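Please look over the structure below.

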Amino acid sequence: MTATQAGPQGSSTDTPARETRIRQPGVGGRGRAIGLLNGGFLLFWGLITTLPLVWAILSSFKTNGEFRTDPMGLPGGIEWDNFARAWNAANIGQYFLNSVIVVAMSLTMTMLFGAMGAYVLARYDFPGNRIVYFMFIGGLILPVFLALVPMFFVVRNTGDIPLIGQFLGLNSYLSLALVYVAFSMPFTVFFLTAFFRTLPTSVAEAGIMDGCTHFSLFFRVMLPMAKPGIISLALFNFLGHWNQYVLPLVIMQDGDKRVLAQGLGTLAANTGFRADYTALFAGLVIALMPVLIVYLLFQKQVQSGLTAGVLK
């Protein structure tokens, strides 16, 4: 007679294997609380930035009587005359054109020279590379107000340069564009240098082996690959140049050469005496529309450009 010995209780042969729960990050009471907190903060931030914009747009369509009696209410109709007064009587049209000319020149030069300088600093090793790079970085800490007085004398003296002096000096579109370029170059080089470093070296080496010169390699291979970052930075510089007020206030002293930010300041001062607030809001909407249009057109490229360095 033989006895069969039972296995130990709770062994793997008698009981099913226990399921292992893997806790996902952000799941649970604490994760949901953090998510609600982040969502609430983003909603609050969106409201405080969107509501003033909506209020300004609605106020631009009101009459002055409607604005004084019910400034937070909806307009009774569309007063296109507000935009006509702002465009013609307040000379916003001329200021708008001046801003377009200056920003077109400054943005083109900033992105071209900034991309070329950043590419060289990021992809080529030469004596003094880091010194040049840190000199650009040092420009980020230079306060604008500290440079106003020497900048004024430098720009004024450029008008005395033979041959090209007639295109420079005070009240010159080119001089103001060059000043914009000078103040935008530090961040442009800083941002694009980090972006160019993320691009694969193998592509550049293949281009050189295929017979590309360094010049053609940059414009035909590396620059198109850096398109997301360039578009993001171009939009950032566009906002800074378009909304600039202090620099043109020093350089553009002629009334007909002023840019849009100066024109809005003059319009705000004048409407304070005439109580023509709806024309002021109309001028603000005119100045705001190019920014909104550019952002809506390049929204996806901006998002991909800002995340490209992180994803890589």
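The points below are grouped by topic.

This is a predicted model, in which local features need pLDDT of at least 70, side-chain atom pairs count only at pLDDT 80 or more, and totals for chains, interfaces and linings use all residues. Residues are numbered from 1 along each chain as its sequence is written, and side-chain values use heavy atoms, with hydrogens and water left out.

**Helix H9**
- H9 spans residues 214–225, 12 residues in total. Helices are DSSP runs of H or I with at least four residues, numbered from the N terminus.
- From first C-alpha to last, H9 reaches 15 Å, close to the expected 16 Å. The expected span is 1.5 Å times one less than the number of residues.
- Ser 216, Leu 217, Phe 218 and Met 222 are the buried residues of H9. Buried means under 20% relative accessible area, exposed over 50%, and partly exposed in between (1.4 Å probe, protein chains only).
- Their cover includes H4 (92–123), H7 (173–197) and H8 (201–209).

**H4 against H9**
- The two axes come within 12 Å and cross at roughly 90°. Axes are lines fitted to C-alpha atoms over the stretch in contact, with angles from 0 to 180 degrees between N-to-C directions.
- H4 and H9 are therefore roughly perpendicular (65 to 115 degrees).
- Leu 112, Ala 115, Met 116, Tyr 119 and Arg 123 of H4 meet Leu 217, Phe 218, Phe 219, Met 222 and Leu 223 of H9. Contact means heavy atoms within 4.5 Å.

**Nonpolar cores**
- The largest nonpolar core has 38 residues. Such a core is a set of buried Ala, Val, Leu, Ile, Met, Phe, Trp, Tyr and Cys residues joined through side-chain atoms within 4.5 Å.
- Ile 92, Leu 192 and Phe 196 have the most contacts inside this core.
- H4 gives the most to this core, with 10 residues.
- Beyond its neighbours within four places in sequence, Leu 192 contacts Met 111, Gly 114, Ala 115, Ala 118, Gly 229, Ile 230 and Leu 233.
- Another core, of 20 residues, lies apart from the largest one; Leu 148, Val 155, Ala 177 and Met 185 are among its members.

- Leu 163 is not a glycine, yet its phi is near 70°. Leu 163 sits in the loop between H6 (148–158) and H7, and is exposed at 75% relative accessible area.
- Asn 171, also not a glycine, has a positive phi of about 60°. Asn 171 lies in the loop between H6 and H7, and is partly exposed at 23%.

Definitions and conventions:
Helices (H or I, at least four residues) and strands (E, at least two) are DSSP runs, numbered from the N terminus. Angles under 35 degrees count as roughly parallel, over 145 as roughly antiparallel, 65 to 115 as roughly perpendicular and the rest as oblique.
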